[in-house]
Amino acid sequence: MTPDTHEPPPDGSPDRDDAKTGEAEPAAGSAKRRWQPDLTLPGCWGALVLACLSFTPSLLPRGGVLQGLICGISAAIGYGLGVVAAYVWRAFADREARSASRGSWRVLVICAIVLFGLSFGFGQYWQHEIRRLMAVTDYNVVTTIACPFVAALVFWLLLLAGRGLRRLYRWLARLLRRWVGPRAAAVVGWVVVAGLAWSLVSGVLLAGFVNAANEAFSLRDTETPEGVHQPTTTLRSGGPGSLVPWDTLGRQGRAFTGSGPTARDIGAFTHRPAQEPIRAYAGLETSGDAESRAERAVADLRRAGGFERANLLVITTTGSGWVDPAAVDSFEYLGDGDSASVALQYSYLPSWLSYLVDQSKAREAGRELFDAVYDVWSKLPQDQRPRLFVAGESLGSFGGETAFSGEYDLRNRTAGTLFAGPPNFNTLFREFSDHRDAGSPEIEPVYKEGRTVRFTDEPADGIPPADRPWNGTRVLYLMHPSDPIVWWSPQLALSEPDWIGEAPGSDVLEEMVWIPFVTFWQVTADLPFSTGVPDGHGHTYKAAYVDGWNAVMRPTDFTPQDLDRLRDVIQPDQ
């Protein structure tokens, strides 16, 4: 058996039949011509291998359609790798492509049926185990059955797209040979086609998708969530006397200032006198740029008396301006309502999309808001300053980090910080994780013996290192082993990260292994569904905020029993 391929010779000569080199064309309608597929044998073997490997588990449960998408993409990559490998082998062997025998194709078909069937079966078992770990009960038989068909469709679409690009390259190479040599024409042709393809995907298609999404979500931003009403207190943006009109706050801003625990709610829980929490916010419609929005939000915070409270929280939001209620509600309960919070919106797009395209806006918003708050706070007499805290979830943690240069800056300019689900590209997160103490795992690193910065999956179970002092300012990162936002990176395509090679977290299967290209697409496919799992898994952080803030704020009047009750308030379904 000899490998064959669709690859043209490097001089860009016209197409030749993929299964024959220097052979006569079989008669039309002959048995051989009818049976032989329009595919290459090495490519099909590569497609089969990566398609089967795509069923290995990743971080989150996958439905049938999503698995089919990953399988189809992996198969297309495997096909391309098989074609390239055959071309390179023939180049070293100095031989031309030959027809694959009918027996070789029969072996491939038999192996494909057996291997794909086994992989599909093991894949269903692994998905069942992941759902069991996360207490996920959703399962759709129809989409599971549709998986192979979705995979085949995606594979053929990608294969046709690749062949279209190849034909364009060959046409361009033939055209260029009128002016340059064959080898130069081939190289220039590939460069031009690759550039056009990249420009089309990253420029036209991606920009068009983002613009369409921005338009759609900007319309949604004009709505007010059900059950949210304009504040009647002067302590909230959008309320009486506010410097920020209610209709400029945006959907998430109105949810932030129009909800939350009242002084009565907090007092009923603690059985102590409580104050009404202050919340300030500025939406995209409030002002035209991040700097002026931050100034407006801080001015409204100051008007409401936010700098006169005991605890002041600066929050960098996710893309759409969302603030996790669990984060700010926990902060207010643990501070007996003697608190103020401020945030601003920097995008219309939802978190998972902002995560990919709005990083610069998050960076600017986080820096401008903290600097505006710190400018006022630092000019107050030291004995009249509130304790200054910082928080952010997901892309909000990325924006929140950008106001600081490192561990010392966080310790010197804040009383405490709580970041949840930090993206893998966070500058400080990566610095702390990459320079972790020897022997500590990437899913729960220890940085400089935990003197300032610490990491945990479940703060209620303890925050390592438990035997080392944690004095002064406390910086805490909440991150689940199964959170794809935390672990996704382009480097997954070609490089195995430490967190996969180390012992897995409590909600990640031991069977998860790193596979070139495949693992990247698996974790990429997990991203949009990262919040679709119960609390404590994926990118869902709710009850952990109670113990996280308790560790960072260190209130003296809350017992372990109080924290248990507060978790039920913050996440009543747990």
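This is a predicted model: local features need pLDDT of at least 70, side-chain atom pairs count only at pLDDT 80 or more; totals for chains, interfaces and linings use all residues.
I started with helix α12 (residues 359-377), which lies across β2 (311-316), β3 (339-344) and β4 (387-393) and runs at about 160° to β2. Contact here means heavy atoms within 4.5 Å. Axes are lines fitted to C-alpha atoms, for helices over the stretch in contact, with angles from 0 to 180 degrees between N-to-C directions. Helices (H or I, at least four residues) and strands (E, at least two) are DSSP runs numbered from the N terminus.

Residues are numbered from 1 along each chain as its sequence is written, and side-chain values use heavy atoms, without hydrogens and water.

Next I looked up helix α19 (residues 544-553), and found it across β2, β4, β5 and β7, at about 150° to β4.

Then I traced the sheet: 7 strands, open, in the order β1-β3-β2-β4-β5-β7-β6, with parallel pairing (two strands pair if DSSP finds at least two bridges between them). β1 (278-282) and β6 (453-456) stand at the edges with a single partner strand each, so one side of each has no neighbour in the sheet. From one strand to the next, the twist averages 15°.

I zoomed in on β5 (residues 416-420) and β7 (residues 474-478), which run parallel and are joined by 5 bridges. Phe419 stands opposite Tyr477 in β7.
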